[in-house]
Amino acid sequence: YDAAKSELRTTYKSERAACDSMSGNAKDICVETAKGREEVAMAHLEYQYTAKSSDRAALLKARYEARYEIAEERCDDLGAQQKDVCIAEAKAERDKSKASAAAAKDVDEAVEDAQTAAVKADHKVARERCDTLGGNNKDVCLATARARFDQ
């Protein structure tokens with residue numbers, strides 16, 4: 001994990017250094033692209049490492065924010081009215097992606113809640129089965145149920 005993070009930082013530095021030979025808006029676009037790639041890659045690495053839904057949401061956010069920043073820089077090359085339209089389109093795309101990410105987060109939370117409820121229900125059934133046993137068998141059954149359902 002740490003080695004991968006270090007490699008991503010090194011890649012960013014080399015991509016960023018390649019931008020130094022450019023000038024004007026082309027350089028700005030290059031820099032934003034390098035920054036966006038690093039941020040998305042770091043968020044992806046973190047999500048792979050933890051598999052948390054919050055890190056998945058951070059990855060989605062990094063993606064749509066990077067696309068927006070790059071699109072906004074590309075708009076700078078256009079004339080006044082075209083630039084306004086271009087920026088409005090970029091904002092609309094970002095807002096749509098943000099809404100999709102929020103919906104995905106709600107779904108993830110609902111799935112987690114359902115999984116938690118299912119585990120609790122299964123644990124309750126296992127305890128009921130253990131109650132039909134007696135003595136040492138009941139104790140072993142309850143210990144197994146606690147271990148199995150992490151309760």
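Aspartate 113 has its place in helix α4, which covers residues 80–131, where helices (H or I, at least four residues) and strands (E, at least two) are DSSP runs numbered from the N terminus. The structure is a predicted model, in which local features need pLDDT of at least 70 and side-chain atom pairs count only at pLDDT 80 or more, while totals for chains, interfaces and linings use all residues. Residues are numbered from 1 along each chain as its sequence is written, and side-chain values use heavy atoms, with hydrogens and water left out.

Aspartate 113 counts as exposed because its relative accessible area is 55%, given that buried means under 20% relative accessible area, exposed means over 50%, and partly exposed lies in between (1.4 Å probe, protein chains only). Together with Asp106, Glu109 and Glu112, Asp113 forms a patch of negative charge on the surface. Such patches are made of residues with over 30% relative accessible area and no salt bridge, with like charges joined within 9 Å and nonpolar side chains (Val, Leu, Ile, Met, Phe, Trp, Tyr) joined within 5 Å. The areas come from the Shrake-Rupley method with a 1.4 Å probe, and for residues only the protein chains shown count as cover. Lys and Arg count as positive and Asp and Glu as negative, whereas His and the chain ends are not counted; the place of a charge is taken as NZ of Lys, CZ of Arg, CG of Asp or CD of Glu.

Side chains of opposite charge can pair when their charged atoms come close. A salt bridge is here a side-chain nitrogen of Lys or Arg within 4 Å of a carboxyl oxygen of Asp or Glu, and by this rule the count comes to eight salt bridges. The table gives some of them.

| Lysine | Aspartate | N to O distance |
|---|---|---|
| lysine 27 | aspartate 20 | 3.9 Å |
| lysine 83 | aspartate 76 | 3.2 Å |
| lysine 138 | aspartate 131 | 3.6 Å |

Salt bridges that share partners join Arg16, Asp20 and Lys27 into one network. For the remaining pair in the table, lysine 138 counts as partly exposed at 27% relative accessibility, while aspartate 131 is partly exposed with a relative accessible area of 43%.

Helix α2 (residues 24–50) holds valine 40, and glutamate 32 lies in helix α2 as well. Glutamate 32 is buried because its relative accessible area is 15%. Contact means heavy atoms within 4.5 Å, and, leaving aside neighbours within four places in sequence, glutamate 32 is in contact with Glu69, Ile70 and Glu73. Under the condition that leaves aside neighbours within four places in sequence, valine 40 is in contact with Leu59, Ala62, Arg63 and Ala66. The C-alpha atoms of valine 40 and alanine 66 are separated by 7.6 Å, although these residues are 26 residues apart along the chain.

Alanine 51 is in the loop between α2 and α3 (53–75). Although alanine 51 is not a glycine, it has a positive phi of about 60 degrees, and at 58% relative accessibility alanine 51 counts as exposed.

Tyrosine 1 lies in the segment before α1 (2–19) and counts as partly exposed at 31% relative accessibility. Not counting residues up to four places away in sequence, tyrosine 1 touches Leu45, Glu46 and Tyr49. Tyrosine 1 and glutamate 46 are 45 residues apart in sequence, and from C-alpha to C-alpha they are 8.5 Å apart in space.

Cysteine 141 is found in helix α5, which spans residues 135–149, and at 21% relative accessibility cysteine 141 counts as partly exposed. Leaving aside its neighbours within four places in sequence, cysteine 141 is in contact with Ala126, Cys130 and Leu133. The C-alpha atoms of cysteine 141 and alanine 117 are separated by 21 Å, and the two residues are 24 residues apart along the chain.
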